[in-house]
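Reader: I'm new to this one. Could you show me how to read it, one feature at a time?

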Amino acid sequence: MGLKENFTSLCLLFCDNDTLTDHLWTEIEKKYSGKGRHYHTLIHLENMFSELELVKDKILNFNTISFSVFYHDIIYDATSKLNEEKSADFAECRLQQIDVNETVTAEVTKQILATKSHQKSENGDINYLLDADLSILGKNSQSYLNYTKEIRKEYSIYPDFLYKPGRKKVLQHFLELEGIFKTEYFREKYETQARRNIEFELKSL
């Protein structure tokens, strides 16, 4: 199922307004295809869903986590430190429009905000969302290299003397975590390669 079909079927669980659903999808498509986007694109969402489909049986509420995937990077400005908060607010507004209940909406907000610091949660679904979000870190070295180039393009507004220290800080934060990946499944799948990739990138900065 493609992203559009996935989103449409998700919305239909709460709302039968096809015009509204189409509008919300077009909005998502436009946001993730913006001029400054190179990594945080629709492809990133597709990759996250591909990862989550493999652990679907371990996720308590797949509909909730699906909304979180669609909206977690809906607002992405390389100069802002409030992207997650703004994305969470954006998601809350849109979910209210399609009559998603308050419990689900609150959980989506919580999940999106968790992508800011990537700390392990007591909530298993949040951990799977975080791990899918960071799965690129544990891919093969060529995929990781392409990812680093895409991220650099998103931050092209900053010269190297500003970008490199900031990037180092992010990477060192990941290495200092007890585990980059929070769930056993993703830890076994990606942790070793992720640390190898990050250490390699740090040497190049």
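Author: Happy to. Let's begin with disulfides: a disulfide is a pair of cysteine sulfur atoms within 2.5 Å. Keep in mind that this is a predicted model, where local features need pLDDT of at least 70, side-chain atom pairs count only at pLDDT 80 or more, and totals for chains, interfaces and linings use all residues. Residues are numbered from 1 along each chain as its sequence is written, and side-chain values use heavy atoms, with hydrogens and water left out.

Reader: How many disulfides does that rule give here?

Author: The count is zero. Cys-11 is in no disulfide, and the nearest cysteine sulfur, that of Cys-15, sits 7.1 Å away. Cys-93 is in none either, with the sulfur of Cys-11 as its nearest at 13 Å.

Reader: Is Cys-11 buried or exposed?

Author: Buried means under 20% relative accessible area, exposed means over 50%, and partly exposed is in between (1.4 Å probe, protein chains only). Cys-11 has a relative accessible area of 0%, so it is buried. Cys-93, at 33%, counts as partly exposed. For the chain, 47% of the 205 residues count as buried.

Reader: What about helices and strands, how many are there?

Author: Both are DSSP runs numbered from the N terminus: helices are H or I with at least four residues, strands are E with at least two. This chain has ten helices and zero strands. The radius of gyration (taken over C-alpha atoms) is compared with a globule rule of 2.2 Å times the number of residues to the power 0.38. Here the radius is 17 Å, close to the 17 Å that the rule gives for 205 residues, so the chain is as compact as a globular protein of that length. Along its principal axes, the C-alpha trace spans about 55 × 35 × 25 Å.

Reader: Can we zoom in on one helix? What does α6 reach from its first C-alpha to its last?

Author: The expected span of a helix is 1.5 Å times one less than its number of residues. Helix α6 covers residues 102-114, 13 residues in total, and reaches 18 Å, close to the expected 18 Å. Buried residues in α6 include Val-104, Val-108 and Ile-112.

Reader: What covers the buried residues of α6?

Author: Think in contacts, meaning heavy atoms within 4.5 Å. The cover includes α4 (62-71), α5 (83-97) and α7 (124-133). Across the chain, residues 24 or more positions apart account for 65% of the contacts with a separation of 6 or more.

Reader: And salt bridges, how many come out?

Author: A salt bridge is a side-chain nitrogen of Lys or Arg within 4 Å of a carboxyl oxygen of Asp or Glu. The count is nine. In one of them, Glu-51 meets Lys-189 at 3.1 Å, N to O. Glu-51 lies in α3 (residues 42-53) and Lys-189 in α10 (residues 184-204), so the pair ties together parts 138 residues apart in sequence. Glu-51 is buried at 5%, while Lys-189 is partly exposed at 34%. Glu-51 and Lys-189 also belong to a network of salt bridges with Lys-139.

Reader: Where do Glu-201 and Arg-167 lie?

Author: Their side chains form a salt bridge at 2.8 Å, N to O. Glu-201 is in α10 and Arg-167 in α9 (residues 160-176), 34 residues apart. Glu-201 is buried at 6%, and Arg-167 is buried at 7%.
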